[in-house]
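Hi,

Here's the structure I promised to pass along.

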Amino acid sequence: MNCIVKTIQYALFKRAQKFQLRYFCGEAEILPSEKIRNIGISAHIDSGKTTVTERILYYAGRIKEMHEVKGKDQVGATMDFMDLERQRGITIQSAATYVHWKNVMVNIIDTPGHVDFTVEVERALRVLDGAVLILCGVAGVQSQTFTVYRQINRYNVPFIAFVNKLDRQNANAHRVLNSMRRWRRLVCGAVSFTFPIIDNCASSNGAFLLALHLAQEKRRNKKFMLVKQVRHIRIRLSFSALLLILHTQHKCDFSLQQRLGLNAAFLHLPIGTESNFSGLVDIINQHALFFDGPQGEVIRKDEIPKEMRAESQDCLFELIEHVSNVDDTLGDLFLLEKKPTTDQLQAAIRRAVLSRKFIPVCLGSALKNKGVQPLLDAVIDYLPNPSEVENLANIEIDGDIVQERLDPRRTDQKPFVGLAFKLEAGKFGQLTYFRIYQGRLGRGSTIVNSRTWKRTRVQRLVRMHANRMEDIEEAYAGDICATFGLECASGDTFLSDTSRKLALENIYVPKPVVSMAMKPKSKKDADNFLKALNRFCKEDPTFHREYNVEAKEVIVSGMGELQLEVYAQRMKAEYNCEVELGKPKVAFRETLTEKCAFDYWHRKQTGGHGQYGRVIGVCEPLPANQNLDLLFVDECIGTNVPKQFMPAIDKGFREACQKGPLIGAPVTGIRFRLKDGAHHIVDSSEIAFILAAKFAMNDVFSDGRWHIIEPVMKIEATCPTEFQGSVMAALSKRQAVIISTDLIENFFSVICEAPLNCMFGFVTELRSLTEGKGEYSMEYSRYAPLKPEIAEQLINESSRAQSEVSNRTSKLY
C-alpha cells in the first residue's frame, strides 16, 4: 500500500513539475491575475513559519521530501538554505519560492521571526498582496507578533491567521483566539465578567448589558439565574454608548485588556487536544477532516464527532456574526434571521478580508502534517490577487507630487514599473529581487533606475526557488522575479518610460539600536574584511558601519547583538576572515529640553569673493514620538534670506547635528525654525550659509539645555511559574518597568520595558535562573531620557576619552 501511495505521489510531483516548466518556458498561456497570489509567511520566532512553508512545498509537489528545520537529517529545510541557518535553527534572511495549488500560482516569501532581522519582513510585506500570520498554539500572541502586525498595517496588507503547534502540551486554540481579540472587563464588587468587544454586535453588546444587570443583582444579594449562552438579543448599541450607560447609570468599574484587537473567528475546530490532536472540523462545510497517509497527504472527510456537533454549530453562528458586523450583505441576512449558504458566507469572508475588517483563523500542526492543505485553500479563497490591490505611484508634474493608480493587467499595453526590494550577492554578481507592478519585462528589455536615471539592459531573468534559479523569458504585473546587473539600492523604482518622473513608495527601514567595534584578527584579512562590510551594508539597510577616527576602529551598527554576531560568522564562513567584536554599545542620542534662540552672523571678507550670511531663529524640542527626527522650518518673511539658500542652511544644520555637545552622540528630536537673516548680493553663497547654520548650532550647543536619550526595549519573558520571583527580581535589577503579567497553565509570562543598555547578557542570566527553561524576546519600543546619574557617568567617560586623544595628539607634535 505504501509503495502505491509513493508511486502516486511521485507521478503527481512530476506532473506539477512539468506544468511549471512549460509555463515558465512560455509554452502555456499567460496566467490571469485571478490565478495568482503573492503571500508572505510571518510570525514570532519559533512559531513554525519555515516548517509550514516546507509542508506547502511538499503538498504542492514542489519538493519530493520534507526535511527538519534544524537539519537533523543533514539536509535541512528547503527555505533555510544557508549553513548558518541550519546550524542555528532560525531563519536569517527571507527566501522566495512559488507553488501551484488548485490551478493557482502562489508566490511565497518566508521571512525571519527574530526582531534583529525585521527589515527582511518589512521589504517582503512591501511587495506582497497578502500574508499569513502564524501563532504558536501554546504561547499565542507574543512580542514579535505585535511588530509583525504593525508592519502588516503599515503596508495595508490583508492577512489570515494560522494557529500552529496544536499537538504540543498546553496548546489551546481558544486561548490563542482570545489573545487576538480585544476584551472588556466589568467589575462590580467582587464579581467580574469578561466579554469580547465587537462594535455594533447584537449578541456581544447585549450579553454585556445582561451581565451588567446580573452583576447589579449580585451586589444586592438577590437570587439570579445564570444565563450560559446568549444567542439572539435585539440590541444594537455602539461600544461608546455602552460605556456611557456604565458611567452614568451603573457606576461600574471598567477596564480594557487588548492584545491585537482583531475581529477574528475560527474557520476550523481542533479534534482532540495536545498529543490527541487528530484532525479538524471544517466549520463552514460542517464536516470533519482527517489527514491520512505517511505524510498527511490524503485528506479524508468524515462526519463531525457527536460530542463536537453542538460546538461546531455555535462556532458557525459566531463566524457568521463576526463577518456580518463588517459586511453589509451578510449583515442584512443576519438581521432577517436567514442562514447564508456556503458560497454566500465564503464570499462575505473574502470581502471582509480584502477590506481588512476580519481575520479568519485556521488551525493545525505543521510538524505533524495536519491542517496545511486547508490553510492553502484559505489562501486561495480569501487572500487577494494582484488586481484586487490598489498600488499607487508618486508622479512629479510641474513640481507637484500626485498619486496615480498603476494598471495591474498582465499585458504590455502600459510601460513597465517595478520595485527592487532585496539585494543579494551571488556567484554571477548582484542578484536583485523585484516586484512588477505594471506592464511586462522580458529578456533584452532596457529599464531605468528612477533615482539615478541609469539605464540597464536585462540580460537574464529568473524566478527563485529558495537558492535555486529558474530562467524565464518574460514576466508581467503581479510577478516576483530577479535579475543580475542592476546598480541600485533596496527600494529603488525601475521604469521603461523615462518621460515621467515616477517613484513607488519606499520601504520603511528602522534605525540601528546597537553598535559594536569590529576588526579582523589578522591584518592580512583587511581586504576581505572591507569587501564583506561593503557587501553587507549594501544588502541590509539596517547594517551600518563607520570609522571612529578618535578610537581608530570600525564601528558596526544594527538591530541587535544577534544580527552583528551573524554577520561576524558570515565573514568567517564566506570570506575566510575571522573578526573580533567589541563590547556592545548603545546608540544614544542627544536632544534639547527647552527652546533656545540663535542669531549668528557669518562674515569673512579679506579681499576678493568673501563669505556672508546671517541666520536668526530658534531651536526647539520635538514631541516624544518624534525624538528621532530633525526638522528644518523656513519661517522667513520677505527676501532677507533668498529661497535658493534654504537647502544650504538645512544642510549646515544637519551636519552640525552629527555630533552633540555632551558625549558626541548624534543630535535628534529638534526643530530648526529660521525666522530671519541677512545676505549680501555678492558675498553670500551656499558655503557661507552652511557655515552660518553650523556656527549657529554651536551657539545652541553651548547655550541650550541638553540631555541624553536612550533606546527602550519591549521585552516578553516566559518561564515556569516556580521561577517567577527570580525572573521578576532579575528584571527589576535591570530597571524594567512591568506592563502586564499573565499565567498560562504552568507558565508565567511578563511584558515589560527596559533600557537596552541594561539588557546585555540577560539571556545568559535568564537561562541560569530558570535551568534553561526560560525564554525571552525583545523589540525596539522608543527612545526615552537617560537617568541623570548614568548620563553624568557617560559625560565624564566621554570627557576622559577626549582628553586622552588630545594628549596623544600633542605628544606626536
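Let's start with Arg123, which sits in helix α4 (residues 118–127); helices here are DSSP runs of H or I with at least four residues, strands are E runs of at least two, and both are numbered from the N terminus. Before going further: this is a predicted model, so local features need pLDDT of at least 70 and side-chain atom pairs count only at pLDDT 80 or more, while totals for chains, interfaces and linings use all residues. Residues are numbered from 1 along each chain as its sequence is written, and side-chain values use heavy atoms, with hydrogens and water left out.

Back to Arg123: it is buried, at 2% relative accessible area (buried is under 20%, exposed over 50%, partly exposed in between, with a 1.4 Å probe and protein chains only). Its side chain reaches the backbone oxygen of Glu539 at 3.0 Å. Leaving out residues up to four places away in sequence, Arg123 touches Phe421, Lys422, Ser490, Ile507, Glu539 and Pro541 (contact means heavy atoms within 4.5 Å).

Now the cores. The largest nonpolar core has 124 residues, and Val132, Met180, Leu319, Ile349 and Val361 have the most contacts inside it. By nonpolar core I mean buried Ala, Val, Leu, Ile, Met, Phe, Trp, Tyr and Cys residues joined through side-chain atoms within 4.5 Å. Helix α12 (residues 372–382) gives the most to this core, seven residues. A second, separate core of 46 residues includes Val586, Ile663, Met759 and Leu786.

On to the strands (two of them pair if DSSP finds at least two bridges between them). β22 (residues 461–465) and β23 (residues 468–471) pair antiparallel over four bridges, with Met464 opposite Met469 in β23. Their hairpin has two residues between the strands, and Ala466 there takes a positive phi near 60 degrees.

There's also an open sheet of four strands, ordered β34-β35-β37-β36 with mixed pairing. Its edge strands are β34 (596–604) and β36 (630–634), each pairing on one side only. β36 runs parallel to β37 (residues 670–678), joined by five bridges, and Asp634 stands opposite Leu674 in β37. Helix α15 (residues 646–656) lies across β35 (611–621), β36 and β37, at about 150 degrees to β36; axes are lines fitted to C-alpha atoms, for helices over the stretch in contact, and angles run from 0 to 180 degrees between N-to-C directions. Helix α16 (residues 686–703) packs on the sheet too, touching β34, β35 and β37, and its direction makes about 40 degrees with that of β35.

Cheers

Technical notes. Polar contact = N/O pair within 3.5 Å; in protein donor to acceptor, adjacent residues only side chain to side chain.
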